[in-house]
Number of protein chains: 2
Amino acid sequence: VQEGWSGSLDLHVELAGGGGRRAGLERALRAAIRGGRLQPGERVPSTRALAHDLGLARGTVAEAYAQLVAEGYLRTSPGAPTRVAAGLEPPPRRADADPAPDEPLRFDFRPGVPDVGAFPRAAWMRALRRALAEAPDRALTGGDPRGRPELRAALAGYLGRTRGVLADPDRIVVCAGYTQALGALCHALRDAGVRTVGMEDPCLHHQRAVAASTGLRVAALAVDGDGAQPDALPAAAGAVVLTPAHQFPLGATLAPERRAAFVARARDRGTVLVEDDYDGEFRYGRQPVGALQGLAPDHVVYAGTASKTLAPGLRLGWLVLPERLLEPVLAAKRVYGDTQVLEQLALAELVRSGALDRHVRRMRQRYRRRRDALLTTLADRAPAMRARGIAAGLHVVVDLPDGVREDDVVARAAGRSLAVGILGPFRHAPAPGDPQGLVVGYAAPPEHAYAQAVVALGDVLASAP
Amino acid sequence: VQEGWSGSLDLHVELAGGGGRRAGLERALRAAIRGGRLQPGERVPSTRALAHDLGLARGTVAEAYAQLVAEGYLRTSPGAPTRVAAGLEPPPRRADADPAPDEPLRFDFRPGVPDVGAFPRAAWMRALRRALAEAPDRALTGGDPRGRPELRAALAGYLGRTRGVLADPDRIVVCAGYTQALGALCHALRDAGVRTVGMEDPCLHHQRAVAASTGLRVAALAVDGDGAQPDALPAAAGAVVLTPAHQFPLGATLAPERRAAFVARARDRGTVLVEDDYDGEFRYGRQPVGALQGLAPDHVVYAGTASKTLAPGLRLGWLVLPERLLEPVLAAKRVYGDTQVLEQLALAELVRSGALDRHVRRMRQRYRRRRDALLTTLADRAPAMRARGIAAGLHVVVDLPDGVREDDVVARAAGRSLAVGILGPFRHAPAPGDPQGLVVGYAAPPEHAYAQAVVALGDVLASAP
């Protein structure tokens with residue numbers, strides 16, 4: 001398939017067997033259509049282009065097309081391209097090929113997702129347009145495992161200003177989301193001799209899987225109302241993943257003396273502290289809670305993400321690394337792949353222009369209103385249920401009264417097309433006697449439906465046995 | 001930091017110590033600037049916004065700012081936001097913090113990169129705009145490990161039409177580039193009990209590292225002028241990665257009888273064949289070479305990428321999987337992370353609109369002209385050097401005459417600010433006696449400089465001892 005006219009389509013055809021070139025072409029096209037390689041509705045090239053590509057006379061191709069139209073394989077209509085006919089028996093597909101239509105729940109209170117309906121599409125489009133207009137050609141080759149310098153410079157300023165992170169752009173590694181960042185980090189820790197990583201219990205279950213996939217052993221670290229307990233960290237743990245600003249999922253803030261204790265442990269024994277600052281931008285009181293990293297930048301790996309401030313679908317996250325971990329993480333990241341370039345440049349532009357700050361402030365107000373409405377409804381409709389972890393973030397934990405099981409609430413909610421998170425899956429080793437609790441994410445429902453959603457949730461909880 | 005006015009910046013400030021609120025604020029700001037958290041040139045919030053955030057009187061903040069201006073920490077100018085002053089001593093940085101300015105080589109003939117200067121920026125922008133306008137909110141949450149259905153449907157048609165791949169959209173998994181795709185695949189193979197994967201020798205060195213990172217043993221598979229040798233595949237190999245259309249780097253096309261032999265081995269012994277179709281769209285003769293996958297879709301994993309047709313910086317690749325590998329790969333991919341959503345939607349739009357076909361055809365013509373110019377120059381200037389693998393792709397291999405070492409050519413080229421690939425690093429176990437050869441990628445130089453670049457390369461090769 002060579003030369004050809006630009007403007008035409010590519011079609012892969014293997015001419016084989018006897019009977020002349022026209023017959024060979026017809027056979028090849030029939031086989032491609034029957035076999036499903038050419039699917040119903042798909043355009044085929046113009047006779048002129050295909051003839052050129054295959055080194056055939058144009059008339060030969062036209063005759064073959066006409067024959068296939070006559071046989072019902074192709075269809076033509078005046079002024080439109082020739083296409084594969086729709087009425088043919090489809091190729092064999094998996095029995096369950098068509099997944100259930102992607103029907104949304106009526107109300108989704110599961111944690112972990114922001115209000116993507118508020119994603120600043122116009123600002124993002126402007127930032128992308130500028131990024132695409134200004135990106136040097138070389139940027140499009142990717143190949144910088146640390147990420148684009150424009151974004152690292154912008155993040156260094158932003159993280160210092162908003163989160164108290166001491167971020168040298170040269171020690172930032174931009175990743176294709178937190179999952180990739182954690183994978184590359186665990187990989188590097190393992191290569192550096194770490195065997196065991198402590199993870200809060202409960203914690204995001206997915207991150208246990210990521211760490212385990214790199215060969216690390218995951219040790220449970222107990223959590224209470226002051227956050228993770230430093231004394232409970234096993235001696236074997238060469239690293240520990242913490243959520244100091246807003247423990248996930250319980251919502252506690254890591255107490256100052258515990259921050260100090262973790263830092264002391266890191267200084268004394270070389271334990272690497274990984275600070276997962278997944279929702280640090282969203283804090284509703286006046287008590288500031290800066291990043292742990294600012295206290296001990298040589299011992300703390302700071303991990304941030306655009307998933308909560310913008311949208312998880314962007315897949316952008318970042319690590320701010322102590323000097324000694326920079327090269328090992330870069331080496332490990334190579335096997336996870338580079339980070340998409342244009343969206344890095346767009347995010348840099350969003351930070352530089354102040355549009356990200358504006359968006360975060362707007363969303364902080366919105367989420368606080370949502371939280372308040374949720375707490376009011378809980379107090380009214382289900383006063384026996386206490387909400388925790390309310391000072392920050394995009395979710396609260398609701399303790400269930402004695403005798404009420406998480407699974408029962410989930411089932412009752414599902415009956416009303418409503419989904420809610422529960423604590424069980426976040427525990428390292430769930431047991432029947434565990435205190436039961438809901439994890440209510442209040443960011444996911446779209447804004448216009450939020451009031452109604454909270455009423456529906458109140459109904460579910462008020463009807464708890 | 002609560003409420004606040006949208007439109008303002010966020011600033012993390014911890015008020016601590018005695019001496020009143022104004023003194024506390026001054027101390028906190030000084031520390032942030034001295035410590036590098038607030039960097040020179042960074043804007044600080046308006047007095048009004050910061051006062052509101054911290055629950056201070058606006059006058060208190062204004063006085064603190066005035067004091068810091070007087071001390072040289074901040075600077076103001078009429079009508080402009082207050083910023084951190086530029087003249088302060090910078091925070092300590094790594095000695096080698098500023099990398100060498102990203103000075104491009106004059107001419108880059110290393111393989112693996114297309115002509116990103118021809119990236120269809122306008123078409124991509126149109127596709128992105130449409131994707132962003134039409135994406136349902138839910139798409140922005142990501143969370144579909146297979147990738148967006150719009151792109152999977154578009155790819156199924158495109159791959160069937162252009163590469164002869166039998167691609168059911170339900171068996172396509174869109175990944176954040178080939179590296180991630182190969183990582184998730186190797187992970188799944190390992191979990192399915194595969195211990196050893198065969199890889200062509202020579203092959204892309206990076207992919208050996210990716211496979212090894214998942215715990216697989218990599219076995220070398222000999223290659224000759226007919227491509228990989230089926231008889232040389234160790235019995236222990238439960239999978240093998242092949243480049244049937246254009247062996248990387250040697251450029252052979254896998255011979256028909258060898259295709260059949262690999263498929264037979266897969267049928268008889270369950271060996272998984274991985275088809276890395278990295279540059280399959282670029283073929284210059286009239287001999288079609290369809291995907292191996294079309295012969296045995298139940299045994300071949302087809303892997304494709306946008307890196308050569310568009311740009312590596314997009315980080316988009318895909319796997320077409322046999323039924324039995326779909327769930328294992330999806331499970332493995334979860335620990336590598338989801339794939340960025342908006343660029344998936346943009347690529348789907350580019351395929352649907354025919355713009356990708358047009359771009360590929362245009363580039364195919366361009367690359368063929370470049371290849372021809374390169375071969376002509378080689379024949380003129382260095383007739384002792386034979387070029388191989390010229391029928392397809394974006395690179396050729398140039399065999400060096402006896403006594404000429406790869407490293408010497410690289411050094412001589414570097415002296416003229418010219419880079420060229422060599423075979424050595426692609427060999428599994430390079431040895432002093434290996435035949436010496438260059439791997440000349442002719443896609444990377446920008447179009448306007450290509451003629452000059454080829455002349456410079458000719459000079460380097462003509463001066464070979």
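So, B:C175 is buried, at a relative accessible area of 1%, where buried is under 20%, exposed over 50% and partly exposed in between, with a 1.4 Å probe and protein chains only. B:C203 is buried too, also at 1%. Quick caveat: this is a predicted model, where local features need pLDDT of at least 70 and side-chain atom pairs count only at pLDDT 80 or more, while totals for chains, interfaces and linings use all residues. Side-chain values use heavy atoms, without hydrogens or water, residues are numbered from 1 along each chain as written, and chains are lettered from A, ligands numbered from 1, in the order written.

For B:C175, the nearest cysteine sulfur belongs to B:C186, 12 Å away. B:C203 has the sulfur of B:C186 as its nearest, at 11 Å.

Next, helix packing in chain B. Helix α5 (residues 149-163) packs on helix α11 (residues 355-381) at about 35°, axes 12 Å apart. On the α5(B) side you've got B:Y158, B:R161 and B:T162, and they meet B:L356, B:D357 and B:V360 of α11(B), contact being heavy atoms within 4.5 Å. That set splits into 3 nonpolar, 1 polar and 2 charged.

Last one, over in chain A: A:D399 sits in strand β13, residues 395-399; helices (H or I, at least four residues) and strands (E, at least two) are DSSP runs numbered from the N terminus. Is A:D399 buried or exposed? Buried, because its relative accessibility is 18%. Leaving out residues up to four places away in sequence, A:D399 touches A:M385, A:R386, A:R388, A:Q436 and A:G437.

Key
Disulfide = S-S within 2.5 Å. Axes fitted to C-alpha atoms, helices over the stretch in contact; angles between N-to-C directions. Nonpolar A, V, L, I, M, F, W, Y, C, P; charged D, E, K, R; others polar.
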